[in-house]
Amino acid sequence: MAELGSKGVTAGKIASNVQKKLTRAQEKVLQKLGKADETKDEQFEQCVQNFNKQLSEGTRLQKDLRTYLASVKAMHEASKKLTECLQEVYEPDWPGRDDTNKIAENNDLLWTDFHQKLVDQALLTMDTYLGQFPDIKSRIAKRGRKLVDYDSARHHFEALQTAKKKDETKIAKAEEELVKAQKVFEEMNVDLQEELPSLWNSRVGFYVNTFQSIAGLEENFHKEMSKLNQNLHDVLLGLDKQYSGNAFPVKAQPRKKTKLFARLRKKMSSDSTPAKANKSPSPPPDGSPITSPETKTVNHELEPSTLEAPGASIPKSPSQPAEAARAGAEAAGSEAAAGAEASKTEADSGSSPLPAVVVETFPATVNGTVEGGASSERADMPPGFLFKVQAMHDYTATDSDELQLKAGDVVLVIPFENPEEQDEGWLMGVKESDWIQRKELDQCRGVFPENFTERVQ
């Protein structure tokens with residue numbers, strides 16, 4: 001009988017709950033359709049919005065804190081592996097081996113303690129803080145249901161009172177149900193009206209305590225870790241002093257391509273053909289020599305030592321007087337004209353042509369100043385100048401196209417004429433001292449390993 005009675009009670013509760021759900025659903029439909037008014041509390045609705053925002057922020061903070069702890073644990077494992085590697089490579093006869101082992105042990109303990117304190121003082125506090133939200137969220141939902149019940153009972157009571165045929169018994173019963181529903185709703189509403197604002201204000205203190213704990217733990221951890229790192233530095237410094245003659249050498253990346261200047265010399269040699277004669281300017285019809293003060297004769301096919309005849313070169317320093325520059329230019333022009341005439345004579349007589357002579361023009365200079373508005377930067381830096389680097393280590397050149405560097409040398413970096421010529425890890429440049437002294441890019445430039453230098457400009 002007890003079981004039947006128990007089953008009967010359970011069945012009755014189920015039926016009652018089903019009826020309540022139907023009544024609430026009907027009430028909500030009427031309210032949405034505007035056929036029934038709805039009890040509103042704007043202050044409470046604002047508290048619910050704050051609650052949802054607080055829950056969302058707390059959930060995100062909890063997620064990020066767990067991610068942070070996972071990262072700390074991963075860093076602990078990585079640090080442990082690194083110190084174990086140091087212990088393995090540290091040979092028994094090296095000084096400071098016992099100190100190294102002790103540092104590795106303290107390093108592991110320090111990481112473990114840091115992680116555990118983060119769990120205790122931050123993560124567990126976070127879990128406790130968020131633990132109160134599910135219950136309050138459930139009570140907010142229940143309050144909403146009780147509010148619908150209250151509105152439904154109120155509408156039912158009002159309908160009976162305004163009916164043409166009044167039934168006092170039904171009216172009394174409806175009034176009793178209304179009072180009961182109102183009491184249940186108001187009890188829940190009052191409690192939440194007090195708790196929600198208090199919970200919302202508590203977030204400030206919680207955030208302060210949580211992040212202060214994390215910051216304090218990090219500060220102590222890094223302070224102690226700094227001491228261990230300093231101890232390790234001192235141990236390794238002692239090892240370095242004992243074996244100071246075995247310093248680790250800085251090496252350049254290997255060059256895999258054919259040497260740059262060797263290819264250029266080979267190309268210049270193969271281009272020494274009569275076809276280059278087309279580049280020589282024809283003499284005037286009257287046979288008069290070329291005497292422009294803004295010309296300079298350069299033979300690209302001959303070695304530098306054979307380019308200039310005595311008295312026929314143009315002064316290369318802009319500080320020389322303009323008269324000397326013009327005189328040298330006239331002499332060079334005469335020589336060019338004579339060379340062209342000789343080439344023509346040899347061609348008429350059937351002899352083999354002389355190497356081609358190319359006449360290049362440059363702006364005239366007056367008292368060291370370039371005429372025609374040329375940029376002063378072009379006179380100070382090599383063509384195509386990119387930036388400056390300073391040698392951090394000595395580098396001994398292993399080929400004729402490489403620069404010999406001493407620590408402290410400043411190099412002006414310039415682009416490769418052909419980007420395909422550049423090897424990875426190598427730059428083209430000219431030492432600043434050579435450029436200032438000679439201003440001859442072809443004679444001074446060379447390649448050098450980038451990792452031996454540091455950019456300074």
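Asn-451 is found in the loop between β8 (446-449) and β9 (453-455). Helices (H or I, at least four residues) and strands (E, at least two) are DSSP runs, numbered from the N terminus. This is a predicted model, in which local features need pLDDT of at least 70 and side-chain atom pairs count only at pLDDT 80 or more, while totals for chains, interfaces and linings use all residues. Residues are numbered from 1 along each chain as its sequence is written, and side-chain values use heavy atoms, with hydrogens and water left out.

**Asn-451**

- Asn-451 has 39% relative accessibility, so it counts as partly exposed. Buried means under 20% relative accessible area, exposed means over 50%, and partly exposed lies in between (1.4 Å probe, protein chains only).
- Leaving aside neighbours within four places in sequence, Asn-451 is in contact (heavy atoms within 4.5 Å) with Val-250, Lys-251, Ala-252 and His-393.
- Ala-252 is 199 residues from Asn-451 in sequence, and their C-alpha atoms are 6.8 Å apart in space.

**The whole chain**

- The chain has 10 helices and 9 strands.
- Of its 457 residues, 28% are buried.
- Among contacts with a separation of 6 or more, 73% are between residues 24 or more positions apart.
- The chain exposes about 29800 Å², and carbon and sulfur atoms supply 53% of this area. Accessible areas come from the Shrake-Rupley method with a 1.4 Å probe; for residues, only the protein chains shown count as cover.

**The sheet**

- Strands of a sheet pair through backbone hydrogen bonds, either parallel or antiparallel.
- Here 5 strands form an open sheet in the order β8-β7-β6-β5-β9, with antiparallel pairing. Two strands pair if DSSP finds at least two bridges between them.
- β8 and β9 stand at the edges with a single partner strand each, so one side of each has no neighbour in the sheet.
- On average, neighbouring strands of this sheet are turned by 50° against each other, direction ignored.

**Strands β5 and β6**

- Strand β6 (residues 410-414) has 4 of its 5 residues buried, so it is largely enclosed by the rest of the structure.
- In β5, 4 of the 5 residues are buried, so this strand is also largely enclosed by the rest of the structure.
- Strand β5 (residues 387-391) pairs with β6 in the antiparallel sense over 4 bridges. In β6, Val-411 is the bridge partner of Val-389, and Val-410 is the bridge partner of Gln-390.
- β5 also pairs with β9 in the antiparallel sense, over 3 bridges. In β9, the bridge partner of Val-389 is Arg-455.
- β6 pairs with strand β7 (residues 426-431) in the antiparallel sense over 4 bridges. Val-413 stands opposite Gly-429 in β7.

**A helix pair**

- Two packed helices are described by the angle between their axes and the distance between the axes.
- The axes of helix α3 (residues 97-131) and helix α5 (residues 168-242) come within 10 Å and cross at roughly 175°. Axes are lines fitted to C-alpha atoms, for helices over the stretch in contact, and angles run from 0 to 180 degrees between N-to-C directions.
- α3 is therefore roughly antiparallel to α5. Angles under 35 degrees count as roughly parallel, over 145 as roughly antiparallel, 65 to 115 as roughly perpendicular and the rest as oblique.
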